[in-house]
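Hi,

Here is the structure I promised to pass on. Have a look at it first, and then read on for what turned up when I went through it.

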Amino acid sequence: MFSKIRVLETGYNPAALNMALDEAVMENVSEVPVLRIYGWRPAAVSVGYFQSIKEEVDLEKCRQLGVDIVRRLTGGGAVLHESELTYSFITRQYPQNIMESYRWICDAVVMSINRLGFNAIFVPLNDIIVNGKKVSGNAQTRKKGVLLQHGTILLSVNVNKMFSVLKVPSEKLRDKIIKDVKERVSGLAGRTFDDMASSIKTSFRDKFDATLIADDLNEKEISRAEWLAEHKYGSEGWNLKR
Amino acid sequence: MRKGHNIHKSQKLIRVMLEYEETDNTIISITIAGDFFLYPEEVLETLEANLIGTKLERDSLKQEIDKCLKNSEAFGFDSVSLTDAILGCAR
């Protein structure tokens with residue numbers, strides 16, 4: 001499918017810079033797709049493009065705990081990013097059918113989890129589960145002929161912390177919602193960020209029959225990302241837009 | 001003018017914040033939020049703008065929503081569930 005995949009391992013960054021890097025790489029991507037691997041420091045809540053931050057997130061609690069908040073370019077739900085690996089796959093060549101394109105990329109993520117000894121399966125539209133529990137959520141957007149899909153692969157889950165920073169639709173149902181999430185979401189116990197990073201690179205290589213090219217962000221991407229982090233993803237205008 | 005707010009559980013959660021004119025039952029402003037997916041994303045802003053002035057009646061709402069979503073793909077809601085979510089604000 002691809003002869004090469006450019007691999008960017010950008011380490012741990014604040015939320016605004018992480019989302020800015022995804023957009024900057026998306027703007028700059030050539031015919032060679034990009035696999036970006038990253039984490040979040042400090043921990044962060046990201047909300048979906050269509051969500052209302054004020055309705056979904058306890059902003060004061062986030063401030064107290066030092067948790068970043070950012071709106072994503074992609075739809076879907078609110079996520080607490082803490083103990084996980086996040087990936088982005090950015091490409092100019094992709095199936096036009098949305099369902100098919102999720103499966104196309106999620107197949108590589110499923111392979112990467114199974115390579116570590118699990119039995120993961122893809123559940124459309126955008127989830128990956130192991131033994132009935134969600135271990136990965138994925139979301140994509142398409143802009144100017146470029147597809148960006150990013151997703152989390154959970155290494156561990158702190159549901160109590162998650163619901164200290166996320167609001168629930170009904171306070172009366174808080175305990176039930178937390179219990180449900182504990183039963184439905186899980187991390188990949190015993191696996192590290194580095195285990196997952198190594199596995200996901202190998203799986204994208206195999207899935208797309210490509211040579212991996214380890215690379216660094218270029219000057220253009222860095223300066224564009226810094227601008228976007230300050231003026232877009234770090235701004236109230238973007239984060240509180242809905 | 002009256003304000004309404006509704007949380008509607010379809011396949012995904014839809015939140016609607018609405019201002020409407022009681023005298024003629026038309027929408028003055030509307031914000032639709034939720035954990036759904038919509039491609040292209042900008043369609044939602046067009047939809048919100050086009051719903052202004054629409055009567056809070058099932059047929060009018062559904063017709064306007066269908067028209068706006070015609071060339072898009074939504075996952076997690078459809079025109080029926082979104083119509084229900086909007087009408088729920090005025091109950």
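Before the details, one term: two residues are in contact here if their C-beta atoms, placed from the backbone, lie within 7 Å. Please also keep in mind that this is a predicted model.

**Chain B and its helix pair**

Let me start with chain B, which has 3 helices and 5 strands. Reading from the N terminus, the order is β-β-β-β-α-α-β-α. Its radius of gyration is 12 Å, close to the 12 Å that the globule rule gives for 91 residues, so chain B is as compact as a globular protein of that length. Of the 91 residues in chain B, 33% are buried. Taking the contacts in chain B between residues at least 6 apart in sequence, 51% join residues at least 24 apart.

How do α1(B) and α2(B) lie relative to each other? The axes of helix α1 (residues 43-51) of chain B and helix α2 (residues 58-69) of chain B come within 10 Å, and they cross at roughly 150 degrees. Angles over 145 degrees count as roughly antiparallel, so α1(B) is roughly antiparallel to α2(B). Their crossing is right-handed.

Which residues make that contact? From α1(B) they are Val43(B), Thr46(B), Leu47(B), Asn50(B) and Leu51(B), and these meet Glu64(B), Ile65(B), Cys68(B) and Leu69(B) in α2(B). Sorted by class, the contact of α1(B) with α2(B) has 6 nonpolar, 2 polar and 1 charged residues.

**Where the two chains touch**

On to the interface: 15 residues of chain B are in contact with 15 residues of chain A. On the chain B side, the elements that give two or more residues are β2 (13-21), β3 (26-34), β4 (37-39) and β5 (73-75). That side of chain B divides into 9 nonpolar, 2 polar and 4 charged residues.

**Chain A and its helix pair**

Chain A contains 9 helices and 11 strands. Its radius of gyration is 17 Å, close to the 18 Å that the globule rule gives for 242 residues, so chain A too is as compact as a globular protein of its length. The C-alpha trace of chain A spans about 55 × 40 × 30 Å along its principal axes. Buried residues account for 44% of the 242 residues in chain A. Among contacts in chain A between residues at least 6 apart in sequence, 76% join residues at least 24 apart.

There is a helix pair to look at here as well. Helix α4 (residues 98-114) of chain A packs with helix α7 (residues 193-208) of chain A at an angle of about 130 degrees, and their axes are 8 Å apart. α4(A) and α7(A) are therefore oblique to each other, and α4(A) passes α7(A) in a right-handed crossing. On the α4(A) side, the contact is made by Asp107(A), Ala108(A), Val109(A), Met111(A) and Ser112(A). The α7(A) side brings in Met196(A), Ser199(A), Ile200(A), Ser203(A), Phe204(A), Asp206(A) and Lys207(A). By class, the residues of this contact divide into 6 nonpolar, 3 polar and 3 charged.

**Some backbone details in chain A**

Leu125(A) sits in the loop between β7 (120-123) and β8 (127-130) of chain A.

Then there is phi. Asn131(A) is not a glycine, yet has a positive phi of about 50 degrees. You will find Asn131(A) in the loop between β8 and β9 (133-143) of chain A. Is Asn131(A) buried or exposed? Asn131(A) has 10 C-beta neighbours inside 10 Å, so it counts as exposed.

Lys144(A) likewise has a positive phi of about 50 degrees although it is not a glycine. Lys144(A) is in the loop between β9 and β10 (146-154) of chain A, and with 7 other C-beta atoms within 10 Å it is exposed.

Cheers

How values were computed:
Residues are numbered from 1 along each chain as its sequence is written. Chains are lettered from A and ligands numbered from 1 in the order in which they are written. This is a predicted model: local features need pLDDT of at least 70, side-chain atom pairs count only at pLDDT 80 or more; totals for chains, interfaces and linings use all residues. Axes are lines fitted to C-alpha atoms, for helices over the stretch in contact, and angles run from 0 to 180 degrees between N-to-C directions. Helices (H or I, at least four residues) and strands (E, at least two) are DSSP runs, numbered from the N terminus. Angles under 35 degrees count as roughly parallel, over 145 as roughly antiparallel, 65 to 115 as roughly perpendicular and the rest as oblique. A crossing is left-handed if the near helix is turned anticlockwise from the far one by less than a right angle, and right-handed if clockwise. Ala, Val, Leu, Ile, Met, Phe, Trp, Tyr, Cys and Pro count as nonpolar, Asp, Glu, Lys and Arg as charged, and the others, Gly among them, as polar. The radius of gyration is taken over C-alpha atoms; the globule rule is 2.2 Å times the number of residues to the power 0.38. A residue is buried if 20 or more other C-beta atoms lie within 10 Å of its own, exposed if 12 or fewer, and partly exposed in between; C-beta atoms are placed from the backbone.
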